[in-house]
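Work through the exercises below with the sequence and the model at hand. Each task is followed by a worked solution.

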Amino acid sequence: MGWIYLIIAGILEIGFATTLKITHDNRNSPWNIVFVLCLVGSFYFLNKSLSTIPIGTAYAIWTGIGAIGTAIIGIIYFKDPVTLARIVFLSLLIISIVGLKLSSASH
């Protein structure tokens, strides 16, 4: 169950990082509510995942999911640049996340 919690936490991290971009110039945006809900939810599920996943592994995967997802949203919705280097390094991050998951299979 810890891995499911960790995936949920990572998805919610994508939500709070993305809403930072949406709300950065507008303090009165209704998206601020989404930001707070995603932030609190992300930390809640990260905490729940720690009951079965080592903290170093959980934290690395949590931030990795957030970084990859936020980068993809940035490319699709905010027209962030797509370069070969970015794609290579995001791919390496995905490989690292899979490696951490496989190396933690016994937990």
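**Confidence of the model**

The model is predicted; the mean pLDDT of the protein is 92, and 97% of its residues reach 70 or more.

**Exercise 1.** State which element of the protein has the lowest mean pLDDT and which has the highest.

Solution. Helix H4 (residues 84–103) has the lowest value, 92. The highest, 96, belongs to helix H2 (residues 31–49).

**Exercise 2.** Describe how helices H1 and H3 pack.

Solution. Step 1: two packed helices are described by the angle between their axes and the distance between the axes. Step 2: for H1 (residues 2–23) and H3 (residues 55–77), the angle is about 40° and the axes lie 8 Å apart. Step 3: angles under 35 degrees count as roughly parallel and those of 65 to 115 as roughly perpendicular; H1 and H3 are therefore oblique to each other. Step 4: the crossing of H1 past H3 is right-handed.

**Exercise 3.** Find residues of H1 and H3 that meet, and sort the contact by class.

Solution. Step 1: on the H1 side, the residues include Trp3, Leu6, Ile7, Gly10, Glu13, Ile14 and Phe16. Step 2: on the H3 side, Ala58, Ile61, Trp62, Ile65, Gly66, Gly69 and Ile73 are among them. Step 3: by class, the contact has 13 nonpolar, seven polar and one charged residues.

Terms used:
Residues are numbered from 1 along each chain as its sequence is written. This is a predicted model: local features need pLDDT of at least 70, side-chain atom pairs count only at pLDDT 80 or more; totals for chains, interfaces and linings use all residues. Side-chain values use heavy atoms; hydrogens and water are left out. Axes are lines fitted to C-alpha atoms, for helices over the stretch in contact, and angles run from 0 to 180 degrees between N-to-C directions. Helices (H or I, at least four residues) and strands (E, at least two) are DSSP runs, numbered from the N terminus. Angles under 35 degrees count as roughly parallel, over 145 as roughly antiparallel, 65 to 115 as roughly perpendicular and the rest as oblique. A crossing is left-handed if the near helix is turned anticlockwise from the far one by less than a right angle, and right-handed if clockwise. Contact means heavy atoms within 4.5 Å. Ala, Val, Leu, Ile, Met, Phe, Trp, Tyr, Cys and Pro count as nonpolar, Asp, Glu, Lys and Arg as charged, and the others, Gly among them, as polar. pLDDT is the predictor's confidence in each residue, from 0 to 100.
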